[in-house]
Every structure is written in structure tokens, then in C-alpha cells.
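Hi,

Here is the structure I promised to pass on.

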Amino acid sequence: HLYSGKPILERGGGFAEMLQAMVNATLQGEAAAHIAEDRLEGISNKLNGYTDKTVVSDAGQLSIRTPRDRNGDFEPELIPKRQRELSSGLDKQILALYAQGNSIEDVRRLLAQMFSVDISAGKISTITDQILPVLQEWRTRRLQAFYSIIYMDAIHFKVRHEGKYSVRAFYTVYSIDVDGKRDLLGMYVAESEGANRWGMVLQDLRRRGVEDVLVFCTDNLAGFSEAMADVYPATIIQKCIVHKVRNSTRFVNDSDLKKVNADLRSVYTSENLSAALTAFAAFKVTWGNKYPLLIESWERDWDELMAFLDFPPGMRKMIYTTNPVEALHRIVRKLIKGKAAWVSDTALMKQVYLSLMHNEKSWKKNAYGWKTIMRDLIKTYGDRITKHLD
């Protein structure tokens, strides 16, 4: 086979034949050893034919003959009776490929190319379903009593629901705890955004042990403020400045946009709330007549937009934008590029979870400069924080 110049690991290649012979010989040896042990213990037993099956290996599919004994108590160790894989690590390969956004058919094709194995779609689906108990345990795990910051946002996917494809809201809850460690607290799927949906998410956090949150950072989520006031009334809401600037200036004339953005920047980069009010008053004088809806939009959300100015500089950088959760969503959005829709909410949740866990190092890390930030927060909030310190 080597002299022929063909790949050693191709389907039906020379190495596959050698491996198959070796496995069958090993199983024969295991059975012979089992019979010998029985005889030493005075138990009458002998070989009684074979059970044929096909197993998957890195070298391709192998035809395996598992020996049987007359007493029926021989249990092969190399390939147990119901196992259809020769310790090839294919389960891990399948999960890794699925986590990268590949469909089940894509996974089948890639496995055939890489390992010369043919695995059915049903088998691949069964392997990926192994993650469901782990996912459920993760989604219901006990959380910490206190979080310094929680970022909340939603993105949208097409999912088959009740016989037709519809857009589903996918909620993400991303956090920084009292020690500055980032973590993903939960993911939720629903048919739309709204106060009721966010209320359910907040109630789930409460049920899983979250007693207090210092700051919630959000985009301009519909109904979120009302829902949060019912569950965490002492928590401060900070709406994302970056999203607000982008959304409120959508209809500003191109010729004015650069100047409007510069004037808005002078508002939200003010040293304190008093200076921000002065800067905004000047902004209204300059642009109020031409862009009244822009002014109205900022006045309506003023308290939740400027909440970060009550915090020390280090904390301000952490909460004035929802960029941290947006970075998390960029990992998830890589799935969207090659995936038009999911067959169910469960399929969506399973693949997103695998994708995020596969890329855990990119989002599960400590916040920069957190010790300095925490010293400043303790000065202001005292026992509200210190009672949660170990």
C-alpha cells in the first residue's frame, strides 16, 4: 500500500486493514483470557461464536467480530458491547465542529474528508444532544448573591416554531462579580422583546440566588426599566451611550452630523452631572430648533444615560456602553453568517452554548483595574458591597 503512493488513512486503506486485524485479535485475546480465568476458578465455559458489528475509527470503518462465551458473561474492554466507536475522539471532534457553527450535514461532510468515516445525521444529532443535560445544569446553576455589573442585551435569530420559521429574541445576561470576574449568567429564548419577557429573565436571576446588583447596563430595551423596578428596585440602570448617540442621530443631516456628534460628546464626557447639564443646555440652544426629536429623546432618557457620571472614572469606562456584551455577541453572530435558521429553540440554544463554551477564553476573564474600582465603590456603597465579600 505504501509503494502504491496512496494515503495510508484513506477509506479502506492498508492501515485500516491492519487496525481491524489487530482489534479483532485483541478481542480474541480478551475472550481467551476470560475463559482461562473461569477455568482457574472451576467454572465451565468456552467460546460460542461471534457478534459482527461495524465501528468507527480514525482510520475509517472497521468490521469487528466480538467473541461470545457460552455463559454470556464476557464483557470486552477494548470495544464494549454497545459501543460503536474505537476511542477515536470523534465525539469531541463532532462537538467542536458543531460549536463552530457547522450544520449537521456540514459536520458529516467534514468528518468524511478528515477521517474517511461516514456517520449518519441521526448519530451526529445524538452526540450533540449529549450536551443538553450539561446545558440544563448550567442554566439552572446557583448564582452569587451580588454582582457589581450585569450587561443585558438581545439579538435575534430565525427559528422554526409551531410549523413555520419566525424571528426569536435571544437574551444574554453577562456579568462582573465583586472580584472583577466576568461570567455569562444565562441565555433565554422568546418570541419577542418586552417588559414581560425581561421580567421573566430577572425573576429567574432572583430565583437562582441573585439578591442585589449594583448596575444594570442595557441598550434601550423595551420595557426593561419597568420590569427591573419590580425585581431590583435599588439597582441603577445605565443605558448605553454609544447606542443612544447612533440611534438618536440617524436622521441628522450629513452636513451637520460631525458637529452634532462633537457637541453630544461634550455632554457625556463632562466631569460631573452639573457640567453635563450645562453642556446639554448649550446643545439645545444650538440644535433644538432643527432637531427637536433628538433633544426630546435625550431628555426622556436623561437619568439613565447620565447615571455613570455618579461613579469614579474607572467604573464609568465599564458601564457607559454595552460593548462587553456586544463582544460576546460577535462570537455568536459568526454562526449567523453560515446559518439561515434553526429547527427549534433547543437546537439554537445548544449550538450557541457550545460556541460560547468553545470560545470561553475570549470572554471569561477578569476586568482590568478592578481593585482600584472596587475600593472607590466600597467608599460610596459600604455595607451593600462589603457584606458580600468573603
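The crossing of α10 and α11 is left-handed, meaning that the near helix is turned anticlockwise from the far one by less than a right angle. Before going on: this is a predicted model, where local features need pLDDT of at least 70 and side-chain atom pairs count only at pLDDT 80 or more, while totals for chains, interfaces and linings use all residues. Residues are numbered from 1 along each chain as its sequence is written, and side-chain values use heavy atoms, with hydrogens and water left out.

Helix α10 covers residues 273-287 and α11 residues 292-300; they pack at about 160°, axes 10 Å apart. (Axes are lines fitted to C-alpha atoms, for helices over the stretch in contact, and angles run from 0 to 180 degrees between N-to-C directions; helices are DSSP runs of H or I, at least four residues, and strands runs of E, at least two, numbered from the N terminus.) The pair is therefore roughly antiparallel, the word for angles over 145 degrees.

On the α10 side, F280, F283 and K284 meet L294, I295, W298 and E299 of α11, contact being heavy atoms within 4.5 Å.

Then there's the sheet: five strands, open, mixed pairing, in the order β5-β4-β3-β6-β7. Strands pair if DSSP finds at least two bridges between them. The edges are β5 (182-190) and β7 (236-239), each pairing on one side only. Strand β4 (residues 164-177) runs antiparallel to β5, joined by eight bridges; Y171 has Y188 in β5 as its bridge partner.

Cheers

Conventions. Angles under 35 degrees count as roughly parallel, over 145 as roughly antiparallel, 65 to 115 as roughly perpendicular and the rest as oblique.
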